[in-house]
Structure formats: structure tokens, C-alpha cells
Amino acid sequence: MLFATAIGIVLSRDLIAVVMLTGIYGFLSASFFVLMDAVDVAFTEAAVGAGISPLLMLLTLAMVGRKEQANRSRNFFALMLVTITGALLIIGTFGMPEFGSANAPAHTHVAPRYIEQSGAEIGIPNIVTSVLASYRGFDTFGEVAVIFTAGIGVLSLLMLKPAPSQVPLSNGARHHTVLRIVSKILIPPILLFALYVQFHGDYGPGGGFQAGVIFAAGIILYTMFFGVDVAQQVVSSAVLRVLAAFGVLLYGSVGLVSMLNGGEFLNYSVLAENPLTGQHIGILVIELGVGITVAAVMVMIFYCFAGQQSKQVEAEE
Amino acid sequence: MTLLMSHYNYWIVVALMMVGFFIVIAQGNLVKKIVGLNIFQTSVFILYISAGKIHGGSAPILNDSISVYSNPLPHVLILTAIVVGIATTALGLALVIRINKAYGTIEESEIQQRDHSC
Amino acid sequence: MNDAIGFLSGALLLLGSFLIFTGALGVLRFPDTLSRMHAAGVTETLATTLLLMGLMLLAGWSLVLLKLIMILLFILFTSPTSSHALAKAVWRHQEHETKGGRHD
Amino acid sequence: MLAVTTFTLILVMAMAMIRGFAGPSIFDRVLAANLFGTKTVLLIAVLGFLFGRPEFLDIALLYALMNFISVIAILRYFEHTQKAEEGRSADE
């Protein structure tokens, strides 16, 4: 089914249809991840692949137009190249271990240690969270920094001049009474759900990345109904910038504090008398940092895109 | 036959990857190229996740009643990769918007024409 | 008692599946957008409710039940809303088309 | 029973997808995507019970949320472009 969707994306010329299919594709791959036992990944993919990325593409399309031109000149060559590469890769797969076998090399190196020891060393049930936040804390720190940098990049490309625009997107939403009221009812539970995901990440699927995206989704929903300007009065972009940096700094400072307490950078065991409690505190705080950064960057990116859009409307009128 | 049954996940990955690759090299539209890039990315995610699956295993959340877990390590890697992926996608789309502003089009061929003519 | 609950949930699940199938058939076969939307919108709420109720009976009293109720509430809120918005958009679009036609 | 439901759901998802490919108007595609999303929510819930680990309903909840948001976003987009077009034609 995934493959069918992908083919559909290739064939479709109307870019909106492409975006719709991308959404379906995201849902499908997320379901696949659930089947493969990767619930945390499915969580993230559902929020990102099926929610945020089609949204951003739509906003882009609103600015650049939706029709694609026919372009057949290089197709034959491209098809050849793709077929050859694909054939080579398939030959390569014959050397790969069998699907689902427990003896594959990937399962014999460090993973058993994580599965057997993390319960005793970190003390939280969700192994993914403990690997993410504790064993590979350095890595995750890097990822958060990457997201922060991407946020800065988008900001510098689409710098939003704080000119008070009189034509916000919200004009169209005034007569959508049903939609407005329903979304007003729904937004608080969404934000609450985000917080639940944030703090429940130790025990079930969830964590900072997912919670950040959900929180951003709630604010984006609000923005879509009430316009960028109104939303900026609630969460201004200056606050967002500070928050994005604050998340990264929070993460880093946890590392520094553990160094000051005599451990290594990001070694949470020294944060409290009992190493397990220390790990708990450390993971909670850095997940919070991750969540804040992700949410702030996502909303920031959305503001940038939507702000461009309302500026363009003004330019046209 | 056993080979078919035991390696089909890799073939799905290869097929998806090639579709994404095809979109990136053959299509002139920049937004569509980004979609293709996303498909390519997802195929890599699927490769990792399916490598982490163990038959009869369950999701890696500790529970007394379960003894076999799937490998949590690929999950961690892909989790962060997805979020980084959306960040880069956003950056790419922002670039597309700027290109559209500067050139008035997002078709690769037209952009090249304009570059050559001036 | 347990048998009765199992039977009841099975019946609910079956009925829900049947309704969903009819809805999808309608979406696939009906001639124009608005009637397709009708097929989807009408079956969606009832079928979803039936299915989730069947699952609730299986779940028994637990956190799972609470989550199922949350999902049910959420779908009950959003599904008619999005149908409404979609129908409105289609209607406007068609009106727009005909207006444009008259102008030409 | 659960297996039957799962099978039906997958079948329905396939049907929605056909509509998504074929859909003559863009609204048909939106409808298909919406239907697809709702069915995915149900599928995840049912699968959770089928595999005996029903704790993962959070994911289903998130799917429902995302489905709603994307449908609303698309419709808002249409309104926006339509208004822009109307503005343009009024200028001309």
C-alpha cells in the first residue's frame, strides 16, 4: 500500500493531490511502525508525517501555486538510473539477515544490554526513553541543537517584519461559527494531552519530541482559526525565540550540573543521593528541555510561513 | 520461496527508495522534489525499524509478563531522525518560498533559463 | 456473565464493521461528491461508536476504558465538524463555479 | 471477531485509497484522506487489542487529532486561495 501511494505521488500532477497523498502516506507508514512494535516512532511519525509536514507544504503551495508543468525530457534517463540502482540494491539485500530473526547482528551488540540492564540502571519502563535520554543523551543533545539551528535558518530566510498587518487569515474564520466553537472546546484538551504525553513518556510511548509537536499542533489549530496576529498576542514570536533557546540551554545545563556534582557530562546518576532518583530527575528535565525547544521551533516555523502568506495577501490587494 | 518470505521488507524499502529517488531526479518542481526526499527518508526509517523487529517480540516497554522485546536502539535513532527530518523539510520549503520570490517560479528548467539569460 | 459480554462486544464489532464497509462502498460508488460525503459522514459516527463500544466491553474497567472514551468523544466532536466544513467548502466551490459560468 | 474487524478495516482503507487516487475533484481526495485517517484510528485501537497490549491507545488519539487538523488546514487553504482568486478577478 505504501508503494501504491508513492506511485500515486509520482503520477499526480496536481500538487494539492500530492500533499493529500503525502498525508495518507504518513498515516500508512505510522501504522507500519505500530506493526513493527515501534510505538514511539509511530507516535512521532503520526504527528510529523501526517500532521505538520503536509501542513507546511500546503502553506508553501498557497504561495507558489499548485500546478506542475509537464517535464518529460529526462524521464527515460532517470528511469534507467533508478532501475539500475534498485537492481544493485536488491542484489545487496541477499546478504542481509532474515526479517524478524532474533540472531541478526543488529540484535547482538548493545541492544541486549539495554533491554536487560536499563530497568535496573535507569528505573523507568520505557526502554526507548531511557536509551534516548540517558545512554545516548549526547546524541539527543546534538539533535536538539540541529532542530534549533533549523529554526534559526527558517527564521532568517523568512524573517517576519513585525508590521501590524490588517488582513490576517482570520477574516475568513469569522463566519465559521461551528468550527470556531468546536476548536475552542478542543484546544485545551489537546494541550493537556501534550502535557500528559510529555510526563508519561517514562512509562508509555511518548516523550519530549512528541509532546512538543502535539503542543505546537494545538497552537497551530488556534492560529488557523483566529489568525496569526491574534495568536501572536497569546504566544508572541519573541517569547518563542527565547523559549527555543531556553530548551537547549536547559538540556545543556543539566549536563553541566552533573559535571559540577562530580560526574561526567549528562551523567544524571550524580544529581541525587540515589542514582535512580538522579536518573529520573535528569530524564524529566531534559525531556522538558526537548519538548520546549521542539514546540517553540515548530510554532516559530509555522508563524514564519503563515506570516509570509498574510503579507502576500496584502501585496496582492 | 523462503528467500521471498524472509527478505520482502528489504524489497519494499528498495522500491520506495527508488520511487523517492526517481521523483528527486526526474521531476522539475521543487516542492515535489521535497516530497520525493521525504519518501526516500521514510524508506530509510522503514529499513531501520524493520531491522529492529524480532518475531514474537513486543514493544520495548518493560512489563513483567513479556520476555521478548524488539530492539529499542533503531527506534531511538529513527525517533530523532524524524524530528530532524521535519526541521530540514521546513528549511527546504522556506528556501522554495525564497526562490519563488526571487525567480517567480519553482520549476527547475525555468530557473535555469533565467540564470542563463542574464 | 463473561460470555454475555464477549458475545455482545463481538456483535457490536461485527455490526460496526458492516456499517463501515457500507460507508466505504458508498464513498466508492456514489456519483458525486456531496452524496459520497453523505455516505461517509452518516456511517462514520455510528460505526465508530459501535466499534469503540465493542472494544470498551472488552477492556473492562481500567485506564484503557478511559482512553477509549476520550477517543470516542474526540471523534464524535471532530468527525461531524470536518464533514460540515468539507460540505461547506464544496458548496461554496460549486456556487463559485456557477457564478463564474454566468459571468462568462 | 477482532480479526474480522481488522480485515474489514484494511479493506475499507484500501477502498478509501482508491477513491483518493481516482477522486475527480479535490474534495473527494480530502474526503478520502479523512475517511482513511478515521479508519486508521480504529485500526490502531483494534490492533492493540488483537496483540494484547491495549496501552497504546494514545497513538490512536493522536491520529484522530492530526486527522482533524489536516482536514481543517486543507479547507482553510481552499478558502484562502479562493479569496485570492476572487480578489485577482475583481482587480481585472
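This is a predicted model: local features need pLDDT of at least 70, side-chain atom pairs count only at pLDDT 80 or more; totals for chains, interfaces and linings use all residues.
On the chain A side, α7 covers residues 137–157, and on the chain B side, α3 covers residues 72–103. Their axes come within 9 Å and cross at roughly 15°, and therefore α7(A) and α3(B) are roughly parallel to each other.

Who is doing the touching? From α7(A) we have A:Asp139, A:Glu143, A:Val146, A:Ile147, A:Ala150, A:Gly153, A:Val154 and A:Leu157. They meet a set of residues in α3(B) that includes B:Leu77, B:Val83, B:Val84, B:Ala87, B:Leu91, B:Leu95 and B:Arg98. Sorted by class, the residues of this contact come out as 13 nonpolar, 2 polar and 3 charged.

Now stay with α7(A), please, and turn to its partner within chain A. That partner is helix α10, residues 237–260. The two axes are 10 Å apart, at an angle of about 165°, so α7(A) is roughly antiparallel to α10(A). Here, too, α7(A) passes its partner in a left-handed crossing. The α7(A) residues in this contact are A:Gly137, A:Thr140, A:Phe141, A:Val144, A:Phe148 and A:Leu155.

Helix α2 of chain B, residues 30–52, packs against α3(B) with the axes 11 Å apart and an angle of about 175°. That angle is over 145°, so α2(B) counts as roughly antiparallel to α3(B). This contact has 14 nonpolar and 8 polar residues, with no charged residues.

Let's zoom out to the domains of chain A. The assignment gives domain 1 as 1–65 and domain 2 as 123–316. Domain 1 puts 13 residues into the contact, and domain 2 puts in 19. Between them the two domains bury about 1,400 Å², with 79% of that area on carbon and sulfur atoms. And which three residues of domain 1 supply more of its buried area than any other three? They are A:Asp40, A:Phe43 and A:Met63, which supply 43% of what domain 1 buries against domain 2.

One last stop, in chain C. C:Leu19 lies in helix α1, residues 2–29. Leaving aside residues up to four places away in sequence, C:Leu19 touches C:Thr43, C:Leu46, C:Ala47 and C:Leu50. If you'd like a distance to go with that, C:Leu19 and C:His38 are 19 residues apart in sequence and 13 Å apart in space, C-alpha to C-alpha.

Note on methods
Residues are numbered from 1 along each chain as its sequence is written. Chains are lettered from A and ligands numbered from 1 in the order in which they are written. Side-chain values use heavy atoms; hydrogens and water are left out. Axes are lines fitted to C-alpha atoms, for helices over the stretch in contact, and angles run from 0 to 180 degrees between N-to-C directions. Helices (H or I, at least four residues) and strands (E, at least two) are DSSP runs, numbered from the N terminus. Angles under 35 degrees count as roughly parallel, over 145 as roughly antiparallel, 65 to 115 as roughly perpendicular and the rest as oblique. Contact means heavy atoms within 4.5 Å. Ala, Val, Leu, Ile, Met, Phe, Trp, Tyr, Cys and Pro count as nonpolar, Asp, Glu, Lys and Arg as charged, and the others, Gly among them, as polar. Domain bounds come from an automatic or database domain assignment. Buried area is the accessible area (1.4 Å probe) that two parts lose on being put together, summed over both. A crossing is left-handed if the near helix is turned anticlockwise from the far one by less than a right angle, and right-handed if clockwise.
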